[in-house]
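This report walks through the sheets, salt bridges and surface of the structure shown below.

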Amino acid sequence: MKRAESILIPFGAIAAGMIVFGIFCALAGANPLLVYASLWKAGFGSWYSWQNTLVRASPLLLCGLCTSLPARAGIIVIGNEGALVVGGLGAISAGLATLSMPPWFCLVTMGIAAMLCGGLWIAFSVALQHYRGVSAVISGLLLNYLAIAFMNQLIEGPLRDPSSLNNPATYPLTPDHRLAYFSGTHVHHGILFGVIACLIAWILVDRTTFGFSLKISGGNVRTAQLVGLPVGKLVVIAGFLGGACAGLAGMIEVAAVHGRGNESLNAGYGYVGILVAFLSRQSPLGVLVVSVMVGGLLASGGMLQRAHDLPDATITVLQGILFLFILLSDTVYGRFRTRAHINSGVKANAVAV
Amino acid sequence: MTRRELLAGLAAPALLPAASTNQPLTVGFIYNGPKNDLGYNQSHAEGKATLRRFPWVKAIDEASVPETVAAEESMRDMIFQDNASVIFATSFGHLDPFTIDVARENPSVQFFHCGGLYDEAKHPKNIGIYFGFIDEVEFLSGMLAGLSTRTGKLGFVAAKPIPQVLRNINSFTLGARSVNPRATTKVVFTGDWVLPVREAEASSSLVDQGIDVLTGHTGSPRVIVQTAERRGVFGCGYQFDQSSMAPHGFLTGAQWAWGTVYVRIAEMVRAGKSVTNGTIPRRLTGTLKDEFCKLSPYGPSVTEQSRSRIAAAKASILNGSLEIYRGPIRDNEGHTVVPAGRTLGITDVALDKMDWLVEGVDGRAHG
Amino acid sequence: MQLPSEGLGPWGVAVALVGGAMRGSIPYMFVSLGECLTEKSGKINLGMEGVLLMGAMTAFAVSDLTGSPWLGVLAAAAAGLVLGAIHAWLTQQPAVNDVAAGIAMILFGSGLAFFFGKRFVAPMAPQLPLLQLGGWSHVPAVESALRISPLFFIGIVVSFLLHWLFTRTRWGLNIRAAGDDPQAARALGINVNAVRFLAITLGGALAAVGGAHLTLYFPGIWSEGISGGQGLMAVALVIFARWSPRRCLAAALLFGGAQALGPSLQSLGVNGYYHLFNASPYLLTMAVMIATCSPNRRLAGMPGALGKK
């Protein structure tokens, strides 16, 4: 029952959202059925569109973890964008410093630098909440703006490659010091990092004592302290791990996509990542599924413009509608189950998910 | 007939110019912002619209394509889903690495990128660069500003200190000082292309400092022109015709005419030419003379006398007797940047690397 | 065409700060007051950025279509009311996190605003009439700085009204009770759900009026980049202001002024590091929050149920 529920409810929500979006499209003068067909074709219809979807899902995997890991410990992190940006800056600085070294060494250094920068960025925000009572939601917002200002200052100032002319950027990485692509595709290896990170996070939070302790701290700080858990340390570590993921996403943008640091690091992946985390109900495996779904949506945005003459904002409307329905569907969990359990005479003892 | 011959026979029609088949020529455009910004993106969208006159062209576009992998994927979609054989990437950041990567994967498709420099070592052969040199139009716009100002103080709200922006600040100032040697230009950088509130704040504080002609270079300087109007000073537009934003105080402006480029490239492709084999120029640039850009219509407060002076200067630019980067030119830190007796033509590559602000500009060329 | 001034020099920065405080503060003011009302009832609405954009677009469109800017303001409030109601209803469902719902509302609100905004590319819509309070000065810059939008005064009135509501009225007490301890409030017979629904919905309407200011006075155009994150920042301002409507007012003024600092310093000739100057409001907020918050006692004025289920 639980399994059926966890498949049926999200699909029901998506179907409901799609119907509402279809009505919206019809009012805007497009044939909803053709729009659905286009969305499917552009997002998931062929291996070609799957590649597009996977490319777009790649940064979302890591940005989703940035919110979902600390959420286990009861802290809502929304500083993903800032962590990605500082991670990217850390990565390019480390990469440029080690360009004379072998590529594997350079890439590893970049990864470590990015994870440190992003990790410390979010750990700071989480520590502020735990030790000083400054809400992580607020400090995260402010830190996002600060990270972007800091990036602009560095890229237009000390880190700027004078030959970057009209598109201010840092010096580039050499081609062999960049992340490779899967041969014959346009999907870069960065997505592997995301998938592996999700798997590790899943083991960490669902299969280890650390994960269990986190859950207790997230449930009730008093209880956690009573059983002797170092709550402060735990939540800061969770924040660090989350931030490290977002930082790594920044490194992938630098090492796989742009090959240098520029202002496009600030592309909004961080904010989408927050949604991914909530839609997946903070489960690392859920992040995998939801990222691919959102990636597909992003991939099909262009098709709506080209094939149906709908404005560029249409895909944003669709995202908004779908996310609202999926969030709403969370309330349905357990309702069927209780009824079923009562019907079969079994006492419902696991309503809370 | 061997299998190879059969394949060659099948492939042959593909090599013929598009005109010989009934297939329309599909042309794809990507812009990095909305199509109705009354600025840079709209100037390209309007350029695309001029292709409607050709029934054999099917033009498609995507707006708000950021300078990330999204740009690559949009171009690929146009190629694979819509059979586009020509792609125009209109934003500077779409080139490296996105257009380059997609061009390398699709050698039979021609790519044209707006702005930048072609680098034979790095870029595949099927990429062409097109751009307009709008300096002369900015010069004329600056002349009118210099003729209209009473305080001799001009204001320029700019997004970022990059060469393209510096060229516009400099040519505008050179134009103003050519008729009004006391004129100075104060520059305020906002830090990004679309920040309407900050642009309005910047314009307003410039007027507080006694500036009485405002212009700018952002994604769409409409806010700057409008703020000028509200504060009762003159405004000069950029990117697109912004005369509607300031019914009283609009002077003129430098605006793009990308339709010229798009029509010309479409006709060349139809005639079987290709950037890949060099029959379409690798670097297709144009000036005021080539109608890649033009002066916006004059506002009502521009006097007959000013109009005729601008017309005369325009005629001298068109016949080549007035070159705007003619030495001696000094920058605002006292260094000579163009020595006496030398002239930099506006297509000179040295200007694409501009990192100085001309004497008379109050501002700094480095962040 | 009025005679231009000779330039104010350093006084220009002061004039810009004062003028900026009075025109730039208005979106912050309305959004933070709306958010204050929302949070007092115990819920966060992070979707104010979407509400602000929707308000901005609606006000512009209606003012353009009807020729009446005040109808535009009313229409913006109505649009905010609808978005607020959606958020209110959604966040009251069990298991729906208000931060997540807020981010979804940002997408939904901005998507709708951009979608419908495409049809309103008219360069200008009829603007709100301004109050000329600077007639005594012969300096155009001062005159211009004192040309004040009526929304500024409405915002001040609303902030004092909200203060009075929270401290002196039964309704205010109910809102605070719902926000501090919903269980206890229910025990007292307060319909917590209804109170929260009203507070969040009205909060959305207030915030949307801030958007009307963006398109109907300063900068006075409709553009997709019009909000520039002000809706998000205003949410932070509420906490900065410790959930007090009058302090929201002060914080909004401070931010509006700070927004003018970077550009006005540059126009005076302080070049360089403008990215950092422009980020100074965020740095300032951060520093103040770190200095004034404490883990041991709850922030004065903080609704107890905030951020809890």
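In this predicted model, Phe156(B) has Val187(B) as its bridge partner in β7(B). The two strands involved are β6 (residues 153–158) and β7 (residues 184–189) of chain B, which pair in the parallel sense over six bridges. Helix α6 (residues 163–179) of chain B packs on the sheet. This helix touches β6, β7, β8 (213–217), β9 (234–239) and β17 of chain B. The direction of α6(B) makes about 170° with that of β6(B).

The sheet itself is open and has seven strands. Their order is β12-β10-β9-β8-β6-β7-β17 (chain B), and the pairing is mixed.

**A parallel sheet in chain B**

Chain B also holds an open sheet of six strands, ordered β2-β1-β3-β4-β5-β11. Here the pairing is parallel. Strands β2 (57–62) and β11 (283–286) of chain B each have a single partner strand, so one side of each lacks a neighbour in the sheet. On average, neighbouring strands of this sheet are turned by 20° against each other, direction ignored. Within the sheet, β1 (residues 25–30) and β3 (residues 86–89) of chain B pair in the parallel sense over four bridges. Ile30(B) stands opposite Ala89(B) in β3(B). Strands of a sheet pair through backbone hydrogen bonds, either parallel or antiparallel.

**Salt bridges**

Over all chains, the structure holds 22 salt bridges.

| Pair | N to O distance |
|---|---|
| Arg281(A) and Asp330(A) | 3.2 Å |
| Arg76(B) and Glu72(B) | 2.9 Å |
| Glu224(C) and Lys118(C) | 2.7 Å |

Take the chain A pair. Arg281(A) is partly exposed, with a relative accessible area of 30%. Asp330(A), at 10% relative accessibility, counts as buried, because the cut-off for buried is under 20%.

The chain B pair sits within one helix. Arg76(B) and Glu72(B) are four residues apart in α3 (residues 69–82) of chain B, so about one helical turn separates them. Both Arg76(B) and Glu72(B) are buried.

The chain C pair joins two loops. Glu224(C) is in the loop between α9 (192–216) and α10 (230–240) of chain C, and Lys118(C) is in the loop between α4 (98–117) and β1 (131–132) of chain C, so the pair ties together parts 106 residues apart in sequence. Glu224(C) is buried, as is Lys118(C).

Salt bridges also form a network. Its members are Arg306(A), Glu62(B), Asp77(B) and Asp82(B).

**A nonpolar patch on chain A**

Which residues form a nonpolar patch on the surface? They are Met101(A), Trp104(A), Phe105(A), Val108(A), Ile112(A), Leu116(A) and Leu120(A). Together they have about 690 Å² of accessible area. One of them, Leu120(A), lies in helix α5 (residues 103–132) of chain A. Is Leu120(A) buried or exposed? Its relative accessible area is 52%, so Leu120(A) counts as exposed, the cut-off being over 50%.

Terms used
Residues are numbered from 1 along each chain as its sequence is written. Chains are lettered from A and ligands numbered from 1 in the order in which they are written. This is a predicted model: local features need pLDDT of at least 70, side-chain atom pairs count only at pLDDT 80 or more; totals for chains, interfaces and linings use all residues. Side-chain values use heavy atoms; hydrogens and water are left out. Two strands pair if DSSP finds at least two bridges between them. Axes are lines fitted to C-alpha atoms, for helices over the stretch in contact, and angles run from 0 to 180 degrees between N-to-C directions. Patches are made of residues with over 30% relative accessible area and no salt bridge: like charges are joined within 9 Å, nonpolar side chains (Val, Leu, Ile, Met, Phe, Trp, Tyr) within 5 Å. Accessible areas come from the Shrake-Rupley method with a 1.4 Å probe; for residues, only the protein chains shown count as cover. A salt bridge is a side-chain nitrogen of Lys or Arg within 4 Å of a carboxyl oxygen of Asp or Glu. Buried means under 20% relative accessible area, exposed over 50%, partly exposed in between (1.4 Å probe, protein chains only). Contact means heavy atoms within 4.5 Å.
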